[in-house]
Amino acid sequence: MELIARARTGDTQAWGDLYREYAPAIFRFCRRAMPTREDAEDATMEIFMKLRDKLVQYDASRSFTAWLYKIAANHCWDMLRRKKARHDKDMDDIEEVPLECPEPNQLEKLIEERTGEEVRRALDKLGMRARMALVMRYYSDMSYDEIADALGVRRQFVGVVLLRARHELRQALGESSALAVGGAR
Amino acid sequence: VNEPEMKHDQPPDNACLDEMTLLLYAERQLDREAAQGVSLHTQTCARCLTLLRALDRESRLLTRSMLEQEEPLPARLAEFHAQVKRNMQWIWGLVFGLAALGVYELYATYIAPWQTQLNEAGFTGNNLLSLVVFQGAFWKGWASMFGLFQVLAVMVMAGAGLFAFRRYLRRGSAMAVVLSGLGVLLAVASPATATEFRKSDSVTIQKDEVIKGDLFVTGNHVRIEGEVDGDVYAFAEQLEVSGRINGDLLGAIQTERISGVVEGNVRTAAHDVTITGTVERSVLAWNDSFTLDSGGKIGRSLTVGGDSIVLDGKIGRDLLGFFKNCTISGLVGGSVRARGEMLSITSGAEIDGKTRFNGHKEPNVSADAKLASPVEFSKVEHKHEARTAGYYLWRIIFTGAFILFGLVLTGLMPRFAVETVESAGQMGASFGLGVLVFFGVFLASLIACVTVVGLFVGLSSLMLWALMLMASEVVVGGIVGQWIMGRDHEFWPFFLRVVVGVIAVRVVTSVPFIGGWAGFAVGIWGMGAISLALYRRLQPALAPKIPSVPLPPVNTPLPPNTTVGGI
């Protein structure tokens with residue numbers, strides 16, 4: 001907190017330290033959320049430029065990391081939207097299709113067999129909204145309210161977005177059809 | 001997006017829960033009453049309990065996968081560099097405005113008067129550029145394809161293209177594709193005519209020999225006694241043309257003698273040139289001594305620079321000369337514009353146009369010489385001691401231009417700018433390397449231009465060299481600014497030091513007598529610093545300054561682990 005306070009006063013050394021401490025995590029966040037490495041690099045740089053401008057607005061009673069991730073998420077989503085990639089590839093046509101409930105044991109088996117690298121590769125195949133939602137929730141631990149705010153959807157809809165994202169992920173992992181045997185219950 | 005109506009609060013008794021409800025329960029998104037219902041159900045339903053556990057584990061797998069670090073922080077993100085993207089649009093407007101002013105000034109001060117002079121000397125339009133620069137040995141299409149402004153337009157478009165696709169060009173592979181494409185384009189551009197190469201200590205084109213197409217010849221002694229039905233590009237110690245060249249003659253030659261016929265133009269840099277034969281079109285020659293013999297004839301204009309010029313023969317049109325001594329005894333069909341120390345017009349001379357001489361001494365004009373009008377003489381004045389207000393005004397404008405140039409460079413390459421200025425701090429290394437680059441790259445580029453390496457490589461290197469020379473004042477300004485104000489590598493403080501330093505450097509280089517030498521030293525110093533910074537960048541041992549970011553420990557503040565509940 002002292003570091004942040006010093007950075008807010010314009011201390012360049014403190015700002016440098018702050019950047020070095022948080023840049024790796026923010027770059028990783030962007031790397032997960034953005035489609036290419038170059039986009040992630042650009043986004044990271046721009047997020048910190050934005051952060052430097054907004055640092056005076058930071059409410060010290062709140063978690064700094066949560067606030068920083070909120071800025072990052074908003075920025076990444078804006079970038080994606082500007083790239084006209086906001087609409088998930090399957091979002092419009094699959095939205096009405098009911099999701100099939102996975103067979104629990106097969107889902108467990110799938111999770112046991114998959115490595116982190118495989119999951120990351122599968123994440124790259126997801127639509128923008130699905131990936132963004134998963135990153136916000138499971139990487140930066142953002143609340144449903146914050147996710148709803150960032151994605152511009154109603155709070156009640158966040159669960160649906162996350163669930164559909166998980167199904168997309170399972171499909172990308174190549175096991176979706178085998179798992180979905182029980183049907184919706 | 002359509003949002004379906006959902007009701008997760010009351011899961012039905014005696015029935016398995018849906019996945020949505022279990023997910024919301026796992027993520028603690030259900031209210032207390034609904035959560036209790038799910039908890040009770042999972043105590044009696046193995047299937048739902050298994051699914052709940054699977055969802056929980058899936059959450060953990062997602063978090064773990066995303067947290068795993070598989071690549072280091074990129075080099076350009078190793079340190080924060082405030083990009084000058086926002087609020088900088090006005091800078092670009094100013095830069096372009098100033099650039100336009102500079103182009104206009106360049107055109108009005110240098111190009112237009114030269115163009116006028118060259119038109120008078122027989123060149124028209126942009127022929128000079130196309131003939132002298134772009135008429136390469138391998139593709140004659142340059143001449144018809146490019147004019148000066150076309151070249152500028154192409155360069156601007158190329159710059160805009162590179163800027164537009166800069167994101168993709170970061171990848172080495174993409175850059176390689178672009179360069180390969182450019183290479184293929186150049187390679188595909190087939191020559192208009194075949195080129196024959198001759199290289200030997202002594203090369204002779206025999207009397208009965210006819211070469212169809214261009215001839216590229218190098219050797220100590222070159223004789224052209226036969227016929228060349230194309231252009232001749234010659235690099236030789238001695239060249240004698242007693243035969244016939246149906247195109248142009250271009251070359252760098254120690255001693256050149258033309259006793260035969262050249263149907264086209266002659267463009268040469270030589271020590272001694274003697275023309276006793278005929279050149280049907282124009283001659284452009286830079287040499288120590290130039291002689292147009294009484295039997296010699298130039299169909300159009302002569303543009304000549306040298307120590308000693310003797311003109312006994314016939315020149316069809318204008319004469320433009322820069323010399324120490326010049327004697328005109330023959331016929332000049334057009335006007336004469338000359339600048340030099342001494343001009344003599346003897347009794348046998350005939351000049352059909354105006355004669356203007358800007359020299360150190362009054363010309364010696366024989367009373368028997370036939371002149372269309374009296375010689376207009378103006379004495380050369382040394383103006384460097386009397387500097388006008390205009391001089392200082394332009395110094396100020398150019399100082400502003402250099403500062404803006406520095407701003408652009410710093411904005412585009414903030415980290416490299418800092419590294420370059422730091423390199424300038426090592427004066428010994430910078431000066432040493434600067435001398436090497438200043439002379440070495442310049443000479444190598446010139447050699448590349450006139451040899452088979454090619455104009456493209458040569459001109460590209462020269463442009464790079466010129467750019468480095470322009471940037472050198474900014475670099476030296478940066479280090480001088482740091483000496484004055486102390487070090488600071490943040491963008492604006494750094495740029496402020498560049499501004500102060502550039503002003504200081506410009507003041508020093510404006511001082512009479514020492515200013516020129518100071519400017520020369522600044523050029524060498526700055527070029528050396530840029531080269532040193534580039535060299536360090538390319539050193540593999542120094543490159544990985546990027547900290548490889550390890551996997552953060554579990555208790556790291558970023559990001560916190562996802563909490564899942566309910567089991």
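The following legends describe close-up views of a predicted model.

Residues are numbered from 1 along each chain as its sequence is written, while chains are lettered from A and ligands numbered from 1 in the order in which they are written. In this predicted model, local features need pLDDT of at least 70, side-chain atom pairs count only at pLDDT 80 or more, and totals for chains, interfaces and linings use all residues; side-chain values use heavy atoms, with hydrogens and water left out.

**Figure 1. Overview of chain B.** Chain B contains 15 helices and 23 strands. Helices (H or I, at least four residues) and strands (E, at least two) are DSSP runs, numbered from the N terminus. Of its 567 residues, 41% count as buried. Buried means under 20% relative accessible area, exposed means over 50%, and partly exposed lies in between (1.4 Å probe, protein chains only). Among the contacts in chain B with a separation of 6 or more, 32% come from residues 24 or more positions apart. A contact means heavy atoms within 4.5 Å.

**Figure 2. The open parallel sheet of chain B.** In chain B, 10 strands form an open sheet with parallel pairing, in the order 3-5-7-9-11-13-15-17-19-22. Its edge strands are strand 3 (210-212) and strand 22 (370-371) of chain B, each of which pairs on one side only. Two strands pair if DSSP finds at least two bridges between them. Strands of a sheet pair through backbone hydrogen bonds, either parallel or antiparallel. Strand 3 of chain B runs parallel to strand 5 (residues 227-229) of chain B, and three bridges join them. Within this pair, Lys212(B) stands opposite Asp229(B) in strand 5 of chain B.

**Figure 3. Helix 1 of chain B and its surroundings.** Eight of the eight residues of helix 1 of chain B are buried, so this helix is largely enclosed by the rest of the structure. The buried residues include Glu19(B), Met20(B), Leu22(B) and Tyr25(B). The buried residues of helix 1 of chain B pack against helix 8, helix 9 and helix 10 (155-172) of chain A, together with helix 2 and helix 3 of chain B. Glu19(B) also belongs to a network of salt bridges that links Arg137(A), Arg166(A), Arg170(A), Glu19(B), Glu27(B) and Glu58(B). A salt bridge is a side-chain nitrogen of Lys or Arg within 4 Å of a carboxyl oxygen of Asp or Glu.

**Figure 4. The crossing of helix 2 and helix 3 of chain B.** Two packed helices are described by the angle between their axes and the distance between the axes. The axes of helix 2 (residues 32-44) of chain B and helix 3 (residues 46-67) of chain B come within 6 Å and cross at roughly 115 degrees. Axes are lines fitted to C-alpha atoms, for helices over the stretch in contact, and angles run from 0 to 180 degrees between N-to-C directions. The two helices of chain B, helix 2 and helix 3, are therefore roughly perpendicular to each other. Angles under 35 degrees count as roughly parallel, over 145 as roughly antiparallel, 65 to 115 as roughly perpendicular and the rest as oblique. At this meeting point, His41(B), Thr42(B) and Thr44(B) in helix 2 of chain B meet Ala46(B), Cys48(B), Leu49(B) and Leu52(B) in helix 3 of chain B.

**Figure 5. Selected salt bridges.** The whole structure has 26 salt bridges over all chains. In one of them, the side chains of Glu118(A) and Arg114(A) meet at 3.6 Å, N to O. Glu118(A) counts as partly exposed at 25% relative accessibility, whereas Arg114(A) counts as buried at 16%. Glu209(B) forms a salt bridge with Arg198(B), with the closest N and O atoms 2.5 Å apart. Glu209(B) lies in the loop between strand 2 (202-205) and strand 3 of chain B and Arg198(B) in strand 1 (residues 195-199) of chain B, so this pair ties together parts that are 11 residues apart in sequence. Another salt bridge joins Glu376(B) to Arg356(B), where the closest N and O atoms are 3.5 Å apart. Glu376(B) is in strand 23 (residues 376-379) of chain B and Arg356(B) in strand 20 (residues 355-359) of chain B, so the pair ties together parts that are 20 residues apart in sequence.

**Figure 6. Two loop residues with positive phi.** Most residues other than glycine have a negative phi, and most peptide bonds are trans. Asp141(A), a residue other than glycine, has a positive phi near 55 degrees. Asp141(A) is found in the loop between helix 8 (128-139) and helix 9 (144-151) of chain A. Arg28(B), likewise not a glycine, has a positive phi of about 60 degrees. Arg28(B) lies in the loop between helix 1 (19-26) and helix 2 of chain B, and counts as exposed at 59% relative accessibility.
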